[in-house]
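Morning, everyone. I'll take the two chains in turn, then the contact between them. Have a look at the screen.

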Amino acid sequence: MALDNIEKLIEKYFDATTTLAEEKELKAYFSSDNVAPPLEQYKPIFGYMAQAKHEQFTGTIPLKAKKRHTVLWISVAASVVVLLGVGFFTFNHYNQPVSEDFGTYDDPAVAFRETQKALEMISQSVNEGIESMDYLSEYEQSKNIIFK
Amino acid sequence: MNQKEFMQLVNPFKDKVFRMAKRLLVSTEEAEDATQEVLVKLWYKNDNLDEYKSIEAVAMTMTKNYCLDQLKSKRAGNMRIVHNNFTDREAGLQKQVEDKDTWQWVERIMNDLPEQQKLIVQMRDIEEMEFEEISAILGMNESAVRTALSRARKAIRETMTKTHHYGIG
């Protein structure tokens with residue numbers, strides 16, 4: 001290859017205006033044995049650039065299989081269902097409406113009698129309580145004797 | 001996408017990612033870590049990969065960002081000084097010793113370039129990528145890439161001729 005052609009290419013190379021093809025041409029020229037003596041100085045540059053591409057990655061790439069997301073999601077769904085079930089059960093269990101139906105009487109007379117009976121029962125129990133308090137009046141008497 | 005398909009997808013460019021990481025991080029071990037990190041991240045993106053036009057460009061951008069982050073962190077800063085002393089024993093093993101020596105100069109000179117210029121030289125001169133791809137990965141416009149590239153190439157030349165004349169390695 002003509003020397004001045006190469007020189008022109010070198011000039012372009014240092015101005016970064018060469019194309020990839022021209023740069024390959026330069027690399028080929030400088031890897032040959034008949035490099036013109038004035039251009040010897042560029043030999044290592046192009047020699048290095050050409051050989052540096054052959055270095056290889058020798059390490060390994062530790063790829064882990066992608067996690068099975070479906071299994072994860074099924075377990076999440078299952079636990080949500082269980083939680084909801086337990087929650088619903090306890091909610092119902094503790095909040096059962098107390099029955100407010102005590103029955104009723106259609107006949108006012110019967111109702112009056114029954115009411116009276118019920119009230120009598122209450123007053124009887126109350127009186128029983130009062131009776132058991134009777135002995136307290138003993139204190140009252142002795143108190144009246146002492147403090148006239 | 002399973003592991004095998006993913007590996008087929010990344011195989012064409014995983015070395016490229018590694019070389020770029022090594023250019024920035026210098027040490028082989030750190031570059032390997034970075035490559036793993038980037039590819040594993042890519043694997044977890046798996047489902048969205050179809051959305052990208054070029055997965056390679058995505059990987060390169062991720063690598064660039066990851067490595068620059070690493071360099072910023074103190075850890076990498078300390079490591080770098082240590083690893084600067086190592087030279088690459090693998091590259092060009094079969095080639096002539098003399099060639100290897102001069103190549104190492106070039107490599108060392110490149111280590112001293114600013115990060116952005118390193119990236120550009122790496123992608124253009126070593127990986128032989130189009131300016132369009134490079135500017136997309138770096139988020140720069142094409143003329144800025146060209147300017148930086150020209151500056152980097154000239155800087156390499158300048159340092160090379162100096163070493164050539166004075167014979168300092």
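A word on terms. A helix here is a DSSP run of H or I that is at least four residues long, and helices are numbered from the N terminus. With that in hand, read chain B along its sequence: the pattern is α-α-α-α-α-α-α-α. And please keep in mind that this is a predicted model.

So, chain B. There are 8 helices and 0 strands. How much of chain B is buried? Of its 169 residues, 50% are. Now the contacts within chain B. Take those with a separation of 6 or more: 63% of them involve residues 24 or more positions apart. The accessible surface of chain B is about 9000 Å². Carbon and sulfur atoms hold 48% of that surface.

Next, chain A. Here we have 6 helices and 0 strands. Along the sequence that reads α-α-α-α-α-α. Chain A has 148 residues, and 20% of them count as buried. For contacts between residues at least 6 apart in the chain A sequence, 30% join residues at least 24 apart. The accessible surface of chain A comes to about 11700 Å². Of this, 62% belongs to carbon and sulfur atoms.

Now the interface. Which residues take part, by number? Chain B brings 45 residues and chain A brings 34. Interface size is often given as the accessible area lost when the parts come together. For chain B and chain A, that is about 3800 Å², with 59% on carbon and sulfur atoms.

How many salt bridges link chain B and chain A? The count is 6. One to look at joins the side chains of B:R124 and A:E23, at 3.1 Å from N to O.

Which helices of chain B touch chain A? At least two residues each come from α1 (3-25), α2 (28-45), α5 (97-111), α6 (115-126) and α8 (142-166). The largest share is from α8(B), with 10 residues. By class, this side of chain B has 18 nonpolar, 9 polar and 18 charged residues.

That's my tour. Questions, please.

Terms used
Residues numbered from 1 in each chain as written. Chains lettered and ligands numbered in written order. Predicted model: local features only at pLDDT ≥ 70, side-chain atom pairs only at ≥ 80, totals over all residues. Heavy atoms only, no water. Buried < 20%, exposed > 50% of the residue type's maximum accessible area, 1.4 Å probe, protein only. Contact = heavy atoms within 4.5 Å. Areas by Shrake-Rupley, 256 points an atom, 1.4 Å probe, with all protein chains shown as cover. Buried area = accessible area lost by both parts, 1.4 Å probe. Salt bridge = Lys/Arg side-chain N within 4 Å of Asp/Glu carboxyl O. Nonpolar A, V, L, I, M, F, W, Y, C, P; charged D, E, K, R; others polar.
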